[in-house]
Amino acid sequence: MSTTRRALLGALTALPAIYSRGWADDATSPAQVFRKEADPITAADQVLNVMEFERLARKALPPAHFGYIATGADDDLTVARNHDAFSHYEIRVRRFNDVSQLDTTTTVFGAKWSSPLYLSAVSSQRAFHTDGEIGSARAAKSRSLQMMLSTGTSASLEEVRDARGGPIWQQLYPTNDWKVATAVVRRAENAGCPAIALTVDLPGARNNETLTRALRVDNRPCTGCHIDNSHDMWRRGPMFKGLDVSKVDTLAPAGITPKYLDQLRAIVKGRLIIKGVMEGADAALAVEHGADAVVISNHGGRNEETLRATVDCLPDVVAAVRGRVPVFIDGGIRRGTDIFKALALGATGVGIGRPQVWGLAAFGQSGVEAVIDILNRELTMIMRQAGTPTIASITSAQVLRSGA
Ligand SMILES: Cc1cc2nc3c(=O)[nH]c(=O)nc-3n(C[C@H](O)[C@H](O)[C@H](O)COP(=O)(O)O)c2cc1C
């Protein structure tokens, strides 16, 4: 028998063994089998896609801290919807365009971005890795990405700005005390932040059941890190250091009305971004009351249950804004194709929340860099495939709602 035939027969007889170890046994797909076999991952550059970082973050973190990242509201349906909804859009590709040179740069508020991707505000990042916000800022610097810093940052704004080595956007939880809101805005502007992003999607308490369950299984004493066992950002957060927070009892007031927007507009010298709109009518109101941009966001599904997916809000919001200001979006972005679809539906930029801190939790700065690299690589691939060599060439012609 020839060597080739013997090798072939050997391979064939080995097949049932493969089946009994994997696919046939537990009815998992080939992709799942190979995912198991690829373990363990020891460096960020071995990670194949953004979702794999979630698993690594879960392994790396104590339950309460992972629960804080993962949680949605009630049964986490908005979290799932945000991502699932992207699969309802189909990409339309054109074949006869020259895609030998790809350009992912775009211009926002006069600044050149390397890609439409930005890091959205995520609080308390030291709970995920000792690098904390400094790690994310360094990753944003090395990849020339815009970063939005949470009011609940665990590193000081000035340290983060220095680590980013460029202007960062400051997200604003104004609290119920206007004096505190004004002081935070001043501090951000003095630190060179060209934009303040007011979050408007948290007017009261939220029901984070996944977090509550995670806290129940995490029996470590919290007092090691949380002063007086406090989770209140205004009592422990560096953003509020030196401020009189005695009148503060909530991060966001329940009365963010158009009048409130006017009041804020009057004190913000730079750009004012309104984060958390889900309806065209609200986006139009925000623009009429001085917003320089809106972010379609449901806070990654953390605040309300069974909301529409953010991507499904894009057409309505883009139509209402009528090109007057940029429209950003976050929520459920996990693939380069998600970014592509959001751009095709009219978004100017696309933010990530959880993926950023999954990467951070798993590998610190290099994990965040890997998340950015994966998303940008995937974006580049679909741009080439779709025949769209530049961001400007990605238009509504490239996307179709399934069944439309
Ligand atoms: C752990 C965590 C903390 C967050 N903290 C803030 C915050 O302080 N301020 C804010 O405006 N949004 C915050 N967000 C929401 C994100 O900015 C963003 O809107 C959301 O995560 C996007 O959805 P994604 O996680 O599916 O990417 C947080 C999200 C997570 C997961």
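Biologist: Which residues does Val268 touch, not counting residues up to four places away in sequence?
Modeller: Val185 and Ile196. Keep in mind that this is a predicted model.

Biologist: Where is Val268 placed?
Modeller: In a loop. Val268 falls between helix α12 (258–267) and strand β8 (271–277).

Biologist: Buried, exposed or partly exposed?
Modeller: Val268 is partly exposed, because it has 19 C-beta neighbours inside 10 Å. Buried would take 20 or more.

Biologist: And how far is it from Pro194?
Modeller: The C-alpha atoms of Val268 and Pro194 are 9.7 Å apart. Along the chain, 74 residues separate the two.

Biologist: You mentioned Ile196. Which residues touch the most other members of the largest nonpolar core?
Modeller: Ile196 is one of them.

Biologist: Take Val317. What is it in contact with, leaving aside neighbours within four places in sequence?
Modeller: Val277, Gly280, Ala283, Val294, Ile296 and Val327.

Biologist: Switching to helices. Is α5 mostly covered or mostly uncovered?
Modeller: Mostly covered. Helix α5 spans residues 63–70, and six of its eight residues are buried. Those are His65, Phe66, Gly67, Tyr68, Ile69 and Ala70.

Biologist: What covers them?
Modeller: The cover includes α4 (50–60), α10 (209–217) and α16 (354–363).

Biologist: Now the ligand. How many residues surround it, and which are the closest?
Modeller: 23 residues surround the ligand. Ser123, Ser150, Gly300, Gly353 and Arg354 are the closest.

Biologist: What's the shell like by class?
Modeller: 14 polar, six nonpolar and three charged residues.

Biologist: How is the chain divided into domains?
Modeller: Domain 1 covers 3–37 and domain 2 covers 56–401. Their centres, taken over C-alpha atoms, are 43 Å apart.

Biologist: What about confidence? What is the mean pLDDT of the chain?
Modeller: The mean is 91, and 90% of the residues reach 70 or more.

Biologist: Where does pLDDT stay under 50?
Modeller: Over residues 1–25. The model has eight contacts beyond four places in sequence for that stretch. Where pLDDT is low, predicted coordinates should not be read in detail.

Notes:
Residues numbered from 1 in each chain as written. Predicted model: local features only at pLDDT ≥ 70, side-chain atom pairs only at ≥ 80, totals over all residues. Near = placed C-beta within 6 Å. Nonpolar A, V, L, I, M, F, W, Y, C, P; charged D, E, K, R; others polar. Buried ≥ 20, exposed ≤ 12 C-beta atoms within 10 Å, placed from the backbone. Helix = DSSP H or I, 4+ residues; strand = E, 2+ residues; numbered from the N terminus. Contact = placed C-beta atoms within 7 Å. Core = buried A, V, L, I, M, F, W, Y, C linked by C-beta atoms within 7 Å. pLDDT = per-residue confidence, 0-100. Domains from an automatic or database assignment.
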